[in-house]
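Hello,

Here is the structure for you to look over. My notes follow below it.

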Amino acid sequence: LLNLFPKIGRYPIDIILNTINASFIAYSIYRYRFLKIKLIVKKRLAYSLYTLVLTGVYIVSVILVQQILIKLIGDTTITSSLILAVFLAFIFQPIKDIIQHFIDRLFYREKFNHQILFRDFSNTINNQLNLNELTNSLLEVINKGIQPKKVYLMLRNDKEEYSAFESSTQKKYNQDIRYGYNHPIVQWFKQGKTLLTRKDIETLSVFTSLWTMEKKQLCELETEIILPIKLREQLIGLIILSEKNGGESYSQEEMDLLFTLINNAAVVIENAQMYEVAKQQAITDELTKLYNHRYFLEIIELYINDDLFHEDKTVIIKKCAVFYIDFDNFKLVNDTLGHSYGDKFLKAIGQELKSLLKEGDELARFGGDEFNILQKDIKDVAEV
């Protein structure tokens, strides 16, 4: 349009307006932190400084070497000077790369640290099937890489509930939080959502059904964001994060690290859970859910052999009691009332015996109608 009006077009109105527009864009970038302006400016200044210094050293080196050659051979041509300059440029290039790499590490230390943390975490979980150690590793790397005030892990159990996973790292934040299958937070992630923020919980109508106690628990955890742990569209756990130690919001790089960590941990967590179930089944009597015959013998052997000797080789005398309980004529129960009733009877007997145990005692179903109890560390017969 300015070209259609020559009298107006002779003034640099377009340049002025473009300058104003650029100023607004620059302000928006700085105000809403689309880019880390201070970091970029500092980095460019560092680049400029080392470029000037290195260029000065390079020029001085060319002149000095040229002077040395003149004294040795008497004279130099333009060709020899160019060859010398190119040769020295090849020598200075690795130095330039080293300095540039150092500056990148200095200004993007957080990014490099994230890469190292992720590499170490990947190496750890690839050789890990212990669920407790695995979750500790996950919580530890989140604490190091993201630095939240609190981080809380919930995993799905065999009842399709999501509850706190007991681990040494998480004990101090352990709350009695349990979310069922139809819980609003669980349903939020089952609908395909990848993130839940504190603002969502406070403002969206779908979360108005939360109990007062649940809101209080989330408040005590200083919940900022909740992330799902998903595998093949199945929700296997939740990560609850508070705000960062410094009070600032999470950056995109930190969120990317979180999603990467969780995605890599999901498969290993499920494998570890399946391993724990299989291990538990191997030592448990299917009917009574007590320890089985084989594992009870292992318990006795471990107890006897554990710390049998002091460091000075003196023998430790351990006193224990083993109860062998056999129900007479149990066959009559099965014959007269049926095997189904007999099974219920055995379960009831197992629970009754379990209620009589002291802390540290072990109970097992030894055979059909036989049970065993190991009572450890007794002082005298009266205690038995």
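**Second largest pocket**

Helix 10 contributes seven residues to the lining of the second largest pocket, the most of any element. Keep in mind that this is a predicted model. The pocket holds about 640 Å³ of space. Its lining has 19 residues, and those closest to the centre are Asn157, Asp158, Gln273, Glu276 and Val277. Strand 1, strand 2 (162-164) and helix 10 each supply at least two residues of that lining.

Six strands form an open sheet, in the order 3-2-1-6-5-4, and the pairing is antiparallel. Its edges are strand 3 (178-179) and strand 4 (196-197), each of which pairs on one side only. Strand 5 and strand 6 are antiparallel and are joined by eight bridges. In that pair, Ile226 sits opposite Ile240 of strand 6.

Two helices to look at here. Helix 6 (residues 131-145) packs on the sheet and touches strand 1 (151-156) and strand 6. The direction of helix 6 makes about 145 degrees with that of strand 1. Helix 10 (residues 252-282) also packs on the sheet, where it touches strand 1, strand 5 and strand 6. Its direction makes about 50 degrees with that of strand 5.

**Helix 9**

Which residues of helix 9 are buried? In this helix (residues 212-220), they are Glu214, Gln217 and Leu218. They lie on the same side of helix 9 because they cover an arc of only 100 degrees around the axis. The general rule is that an α-helix has 3.6 residues a turn, so residues three or four places apart point the same way. Thr212, Met213 and Cys219 are exposed on the other side of helix 9.

What do the buried residues of helix 9 pack against? Their partners are strand 3, helix 7 (184-190), helix 8 (198-203), strand 5 and strand 6. Just after helix 9 comes Glu222, with a positive phi of about 55 degrees.

**Positive phi in loops**

Two loop residues also belong on your list. Glu233 is not a glycine, yet has a positive phi of about 65 degrees. It lies in the loop between strand 5 (223-231) and strand 6 (234-242). Is Glu233 buried or exposed? Its relative accessible area is 68%, so Glu233 counts as exposed.

Asn329 is the other one. Its phi is near 55 degrees, a positive value in a residue other than glycine. Asn329 lies in the loop between strand 7 (321-326) and helix 12 (330-337). With a relative accessible area of 59%, Asn329 is exposed.

**Glu161**

Glu161 is in the loop between strand 1 and strand 2. Its relative accessibility is 23%, so Glu161 counts as partly exposed. Which residues does Glu161 contact, leaving aside its neighbours within four places in sequence? They are Leu155, Arg156, Arg178, Tyr179 and Gly180. Glu161 and Asn182 are 21 residues apart in sequence, and their C-alpha atoms are 9.4 Å apart in space.

Best wishes

Methods: Residues numbered from 1 in each chain as written. Predicted model: local features only at pLDDT ≥ 70, side-chain atom pairs only at ≥ 80, totals over all residues. Heavy atoms only, no water. Helix = DSSP H or I, 4+ residues; strand = E, 2+ residues; numbered from the N terminus. Buried < 20%, exposed > 50% of the residue type's maximum accessible area, 1.4 Å probe, protein only. Pairing = 2+ DSSP bridges. Contact = heavy atoms within 4.5 Å. Axes fitted to C-alpha atoms, helices over the stretch in contact; angles between N-to-C directions. Arc of directions from axis to C-beta. 1 Å grid on protein atoms, 1.4 Å probe; cavity = no way out; pocket = protein on both sides within 12 Å on 5 of 7 lines; lining within 4 Å. Points joined across faces, edges and corners; volume = space filled by probe spheres on them.
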